[in-house]
Amino acid sequence: MAEASPRDFSASRLFDLSDRTALVTGGSSGIGLEMAKGLLQNGARVIIASRSRKKIDEALAELSGYPEVSAFEFDITRAEDRQRLAAEVEQRFGSLYLLINNAGTNWGAKLEEYPDAGFAKVMDTNVNAQFALTRDLAPLLAAAADAGAPARIINIGSMDGLHVPVVQRVPTFAYSASKAALHHLTRALAVELGPRHITVNAVAPGFFASRMTRHVFEQYLADIEADCPLGRIGQPEEIVGVVTYLASRAGSYTTGAVIPVDGGTSISKGRGSVSEADRKRSFRRPD
Ligand SMILES: NC(=O)c1ccc[n+]([C@@H]2O[C@H](COP(=O)([O-])OP(=O)(O)OC[C@H]3O[C@@H](n4cnc5c(N)ncnc54)[C@H](OP(=O)(O)O)[C@@H]3O)[C@@H](O)[C@H]2O)c1
């Protein structure tokens, strides 16, 4: 990547990711696939990694216009798969500039019926495995890093790790707990890895269309929109933009941050957006 002048603030240079190697776990669908597209369009070479061969093949077909994309079949919860992935990245690229820990899962059930296995699966996928993969790839990230151009880790958390979700009628105890843990892990790793010139940040999305949310949207889209001060779900570019910032020269001095991208839902405390009628009511003088 050609050295950018420190006073070159043009968006094309500030957010340029040419020649950067990025790994997106869970990059075969949903938010991960959109992020992979964004990184490719800004010049990065991208590896997407997830379990299902079918989903990977569909994603590769969708990304076929980009020469710098490859895929890896792995289950993030399996130590041997993580080690195979680290070995492959080392052998093919020698280092890794950007790790996006995006693979994730959810489980909804009433308190009395919430199974131990469901809770363990969510914590294992969304927390334990994210930590283990980060640890296993840290040497390759350090190999791509220097003080002026740190390597990056971006953890995909959730607004549900910032507040207690109120919209879904099916409780997701393990999911919120796992995402809160991932946010705090982000801060701990930022302190640990800063001296090795690696930034660690989290993005906490609100509702975006994906396989994970399809069922929820079928039943609760109106409630979700009413619960959001901006009155709608998020659009792909609104996640891709934040991730591109964190990955780019513009984001080099941001670390340990947890950035909500949720239209204000996590700070609205379930009160929904303020309607015009509500607004008038709150400004009426008492008689
Ligand atoms: N969509 C939203 O509204 C929303 C909101 C907040 C946070 N998020 C977070 O965003 C991330 C992506 O979710 P999404 O909404 O885009 O859902 P999605 O389309 O279901 O994507 C999940 C991805 O993770 C992969 N994955 C799941 N378990 C895995 C495992 N054990 N090993 C490797 N890969 C695994 C899946 O592929 P395979 O099944 O092939 O493995 C898939 O590519 C998740 O961390 C989620 O919690 C999403």
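1. Leu-246 counts as buried, because it has 24 C-beta neighbours inside 10 Å, and 20 or more are required for that class. The model in which this is seen is a predicted one. Leu-246 belongs to helix H8, which covers residues 236-247. Leaving aside residues up to four places away in sequence, Leu-246 touches Arg-152, Ile-154, Asn-201, Gly-251 and Thr-254. Glu-68 stands 178 residues from Leu-246 in sequence, and the C-alpha to C-alpha separation of the two in space is 21 Å.

2. Helix H8 also packs against helix H2 (residues 30-41): the two axes come within 9 Å and cross at roughly 55°. H2 is therefore oblique to H8. The crossing by which H2 passes H8 is right-handed. On the side of H2, the contact is made by Ile-31, Glu-34, Met-35, Gly-38 and Leu-39; on the side of H8, by Pro-236, Ile-239, Val-240, Val-243, Thr-244 and Ala-247. Sorted by class, the residues of this contact are 8 nonpolar, 2 polar and 1 charged.

3. The axes of H4 (residues 79-93) and H5 (residues 116-144) come within 10 Å, with a crossing angle of roughly 20°. H4 is therefore roughly parallel to H5, since angles under 35 degrees fall in that class. H4 passes H5 in a crossing that is right-handed. Ala-79, Arg-82, Gln-83, Ala-86, Val-89 and Glu-90 make the contact from H4, and Ala-132, Leu-133, Asp-136, Leu-137 and Leu-140 make it from H5. The contact of H4 with H5 comprises 7 nonpolar, 1 polar and 3 charged residues.

4. In soluble globular proteins, nonpolar side chains tend to be buried together. Here the largest nonpolar core has 56 residues, and those with the most contacts inside it are Ala-22, Leu-23, Val-46, Leu-96, Ile-100, Leu-141 and Val-243. Helix H5 contributes the largest share of this core, 8 residues.

5. The phi angle of Asp-19 is near 70°, a positive value in a residue other than glycine. Asp-19 counts as exposed because it has 12 C-beta neighbours inside 10 Å, and the exposed class takes in residues with 12 or fewer.

6. A positive phi also occurs at His-197, where the angle is near 60° in a residue other than glycine. His-197 is placed in the loop between helix H6 (173-193) and strand E6 (198-205). Is His-197 buried, partly exposed or exposed? With 17 C-beta neighbours inside 10 Å, His-197 counts as partly exposed.

Notes: Residues are numbered from 1 along each chain as its sequence is written. This is a predicted model: local features need pLDDT of at least 70, side-chain atom pairs count only at pLDDT 80 or more; totals for chains, interfaces and linings use all residues. Axes are lines fitted to C-alpha atoms, for helices over the stretch in contact, and angles run from 0 to 180 degrees between N-to-C directions. Helices (H or I, at least four residues) and strands (E, at least two) are DSSP runs, numbered from the N terminus. Angles under 35 degrees count as roughly parallel, over 145 as roughly antiparallel, 65 to 115 as roughly perpendicular and the rest as oblique. A crossing is left-handed if the near helix is turned anticlockwise from the far one by less than a right angle, and right-handed if clockwise. Two residues are in contact if their C-beta atoms, placed from the backbone, lie within 7 Å. Ala, Val, Leu, Ile, Met, Phe, Trp, Tyr, Cys and Pro count as nonpolar, Asp, Glu, Lys and Arg as charged, and the others, Gly among them, as polar. A nonpolar core is a set of buried Ala, Val, Leu, Ile, Met, Phe, Trp, Tyr and Cys residues joined through C-beta atoms within 7 Å.
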